[in-house]
Amino acid sequence: MHFTEKDIAAMESRYRAALINSVSGFKPANLVGTADHDGNTNLAIISSVVHLGSNPPLLALIIRPNPVERHTLDNILNTRCYSINHVHHTFIEAAHQTAARYPKEQSEFTATGLQEHWVEEFAAPFVLEASVRLGLELREHQHLRINDTHLLIGEVVLVDVPSDCLGDDGALNLSAAGTVALSGLDSYYETRRLRRMAYAKPDQPPRALE
Ligand SMILES: Cc1cc2nc3c(=O)[nH]c(=O)nc-3n(C[C@H](O)[C@H](O)[C@H](O)COP(=O)(O)O)c2cc1C
């Protein structure tokens, strides 16, 4: 199939959303954990987490506009603190269910059965069942005028990963950690590492490490 700008503009909106949501390739599947100042917790599945840099360690995420309340966005802007938890293949259903529009008083933790895990002096809950958990502090918030979305840039201040998935060089083996990948808004994939490549240099051919 070949689609032009005109074809894309003329597409039925759900068809266009499904297509454009999947053309960027596999996306990470993460649960973002937050709490408000009254201690009400919130959990939302978010596929837009991207790496911005490692020094300082920055991750960005995009919160889309919505006619209804955005609990994750409000909580992050108010407390400047949130957790990012990898979706593990054992709790895909519960993770997906966090996308449902629960009222603010109803925590997605209670609604889905996923358990809160608190770390001292950190004001956002982590997901107990997740094997990879990150704690972030908000460093920058940009409202993107082009499509009314919110770009949230956070610094990674806590990292909790299984020791047996962590290589001597610091690289995490995500497939060993049971982390799943996402396509579009509904398709969850298992992953398998095919190859690890050495740092590319112009005067050397591509070299596989393992
Ligand atoms: C697979 C999947 C990925 C999603 N990724 C995002 C995302 O990156 N950004 C976003 O704003 N909403 C995303 N959503 C929608 C939110 O999960 C949903 O709006 C949720 O209700 C937000 O909860 P909150 O209002 O409690 O923050 C995604 C939904 C699904 C099913």
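I sorted the residues of the shell around the ligand by type and got 8 nonpolar, 6 polar and 3 charged. The model is a predicted one, which I keep in mind for every entry here.

Next I looked up which residues come nearest to the ligand. Of the 17 residues around the ligand, these are Ala44, Ser48, His71, Thr72 and Ala99.

I then asked which elements supply the shell. Strand S3 (41-46), strand S5 (57-63) and helix H3 (71-79) each bring at least two residues to it. S3 gives the most, with 4 residues.

I turned to the backbone. The peptide bond from Asn55 to Pro56 is cis, and I noted its omega as near 5°. I placed Pro56 in the loop between strand S4 (50-54) and S5. S5 is also one of the elements that supply at least two residues of the ligand shell.

I checked phi at Arg80 and found it positive, about 60°, although Arg80 is not a glycine. Arg80 sits in the loop between H3 and strand S6 (81-86).

I found Glu121 in the loop between strand S7 (116-117) and strand S8 (126-127).

Methods:
Residues numbered from 1 in each chain as written. Predicted model: local features only at pLDDT ≥ 70, side-chain atom pairs only at ≥ 80, totals over all residues. Near = placed C-beta within 6 Å. Nonpolar A, V, L, I, M, F, W, Y, C, P; charged D, E, K, R; others polar.
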